[in-house]
Amino acid sequence: MQTSTRDRIVVAAARLLQRQGYVGTGIKQIAQEAGATLGSVYHAFPGGKEAVAVAAILHSGEEFAELLRRTLSTEEHPADAVDACARELATGLRESGWVDGCPVTAAALETLGTDSEIQRVCAQALRRWEDLVHDKLLAGGYPSPDARELATTVIAALEGAEVTAQVTRSEEPLRVTGRQLARLLRSYGI
């Protein structure tokens with residue numbers, strides 16, 4: 001199946017943002033990586049770099065949501081599922097040479113304090129990921145208020161551990177975080 005020019009631009013931008021951040025990624029580089037002309041980038045995204053970045057973050061957010069869905073479904077107990085997710089993230093990060101971290105973090109951090117569309121889609125992605133963990137916890141028998149707070153804790157801890165793993169070039173922060181999150185979840189006696 002052949003992908004459209006717009007899709008190629010979005011995928012290329014997503015990978016570049018993931019590896020270089022928003023500030024470090026230029027529109028010309030996106031066009032080159034996508035095998036597209038600069039004119040076709042502006043035709044598909046009249047809003048320029050920010051519009052491309054928003055589409056790329058939405059794409060990456062959905063990719064990560066799919067990874068979460070898949071990984072969370074591999075284990076019946078939510079504690080085991082969250083630990084499995086941390087292990088999967090650790091392996092993927094190592095296999096990428098420590099460059100393919102969270103697809104949202106870099107753009108989110110670089111645009112902090114702004115009221116931009118980038119900030120809105122980053123926040124939307126984080127909430128969506130929390131919702132996936134929340135749903136797994138509810139299905140596992142956790143009470144709703146606890147499930148909501150635990151889902152926030154899980155995503156925040158995994159995000160922080162992923163950045164730490166990237167910086168230290170070690171799987172250990174993610175693996176430790178997965179084990180400790182599992183321990184926390186099991187402490188509820190569910």
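**Cysteines and overall fold, in conversation**

The structure holds zero disulfides. This is a predicted model in which local features need pLDDT of at least 70 and side-chain atom pairs count only at pLDDT 80 or more, while totals for chains, interfaces and linings use all residues. Residues are numbered from 1 along each chain as its sequence is written, and side-chain values use heavy atoms, with hydrogens and water left out.

Colleague: How far is the sulfur of Cys102 from the closest cysteine sulfur?

Modeller: A disulfide is a covalent bond between the sulfur atoms of two cysteines. Here a pair counts as a disulfide when the sulfur atoms are within 2.5 Å. The closest sulfur to that of Cys102 is in Cys122, too far for a bond, at 8.3 Å.

Colleague: Is Cys122 buried or exposed?

Modeller: Buried means under 20% relative accessible area, exposed over 50%, and partly exposed in between (1.4 Å probe, protein chains only). Cys122 has a relative accessible area of 1%. So Cys122 is buried.

Colleague: And what share of the 190 residues counts as buried?

Modeller: Cys102, with a relative accessible area of 7%, is buried too. For the chain as a whole, the share of buried residues is 46%.

Colleague: How many helices does the chain have?

Modeller: Helices (H or I, at least four residues) and strands (E, at least two) are DSSP runs, numbered from the N terminus. The chain has zero strands. Its elements run α-α-α-α-α-α-α-α-α from the N terminus on. The number of helices is nine.
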